[in-house]
Amino acid sequence: MAAAAAAAALAAADPPPAMPQAAGAGGSATRRDFYWLRSFLAGGIAGCCAKTTVAPLDRVKVLLQAHNHHYKHLGVFSTLRAVPQKEGYLGLYKGNGAMMIRIFPYGAIQFMAFEHYKMFITTKLGISGHVHRLMAGSMAGMTAVICTYPLDMVRVRLAFQVKGEHTYTGIIHAFKTIYAKEGGFLGFYRGLMPTILGMAPYAGVSFFTFGTLKSVGLSHAPTLLGRPSSDNPNVLVLKTHINLLCGGVAGAIAQTISYPFDVTRRRMQLGTVLPEFEKCLTMRETLKYVYGHHGIRKGLYRGLSLNYIRCIPSQAVAFTTYELMKQFFHLN
């Protein structure tokens, strides 16, 4: 969801620049195509850099959420120290390859879907303001999740493995094994429902909070918090460090609200890997099991502090890299 927060904030921040008119329709279409390709690459590279930066924290989060028996008695920082001792420093990046494969299409689909849904909601339904951004963001997030969910499933399975106890030898082997042993294609969509239910409020609250903080800040302290936009001096935008702060706050609030669904999703994704697999077949059963055995703080919200820690660097890297890539690919 951190990737979703970064993409959501970037998509909400500024619309794509208007493309210059070419002499013929073909030239205009070609320029638009190249724009989307360059935008796709910029968003993908930014997402990959951001996720690689916080990959160790992502690995620890998966281990803690699902109570891996090697680390279930440890906290966040203790696990960060224990993983390199047991599995080497590369153990902190286990499952990151699958994440890199996933983040490119995820970012591209979310950006394009957001613009499409925003236009549809505004023109066809006549809804505007914060509400249309909230709705478009939620729908775009859910669309991207559905399209890339199998890759996230494989990434979580690989991240949960501990050295010496490997069920899967790599990404391809994980795909083949899940398909053969867990019900074919549907096996890749275990835990989709809590993901969808979690993504809707997460993306919605993230967009709403970010937009509200931005408008309030620019209204009450335009000189202190804002600056003229580089491509349109008449438009006031937030300064970079304020933008990052607002994105971080929005992500933290949204994460707090939707986190139990994230814990449920991880456990359902791990499926047969967990010994209590048969007690967590549905979303309701999983929520009931986690709450009954571990409670709220150590169950439904286990690892939340880690999400707060990883939110700021993830957002910072995503925004900074995206801005650099926009200049590199001439998107401004």
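Predicted model: local features only at pLDDT ≥ 70, side-chain atom pairs only at ≥ 80, totals over all residues.
Local features require pLDDT of at least 70 and side-chain atom pairs pLDDT 80 or more, while totals for chains, interfaces and linings use all residues. Residues are numbered from 1 along each chain as its sequence is written, and side-chain values use heavy atoms, with hydrogens and water left out.

Lys94 lies in the loop between helix H4 (76-87) and helix H5 (96-123); helices are DSSP runs of H or I with at least four residues, numbered from the N terminus. Lys94 is buried, at a relative accessible area of 18%, where buried means under 20% with a 1.4 Å probe and protein chains only. Its side chain forms a polar contact of 2.9 Å with that of Glu87 (a pair of N or O atoms within 3.5 Å, one able to donate a hydrogen and the other to accept it). Beyond four places in sequence, the residues that Lys94 touches (heavy atoms within 4.5 Å) include Arg59, Leu158 and His166.

The helix pairs are tabulated with axes fitted to C-alpha atoms over the stretch in contact, and with angles from 0 to 180 degrees between N-to-C directions.

| Pair | Axis distance | Angle |
|---|---|---|
| H10 (240-270) and H11 (283-294) | 10 Å | about 105° |
| H8 (192-220) and H10 | within 8 Å | roughly 170° |

H8 is therefore roughly antiparallel to H10 (over 145 degrees). The residues of this contact divide into 15 nonpolar, 10 polar and one charged. H10 and H11 are roughly perpendicular (65 to 115 degrees). Among the residues that meet there are Phe261 in H10 and Leu287 in H11.

Conventions. Helix = DSSP H or I, 4+ residues; strand = E, 2+ residues; numbered from the N terminus. Buried < 20%, exposed > 50% of the residue type's maximum accessible area, 1.4 Å probe, protein only. Parallel < 35°, antiparallel > 145°, perpendicular 65-115°, else oblique. Nonpolar A, V, L, I, M, F, W, Y, C, P; charged D, E, K, R; others polar.
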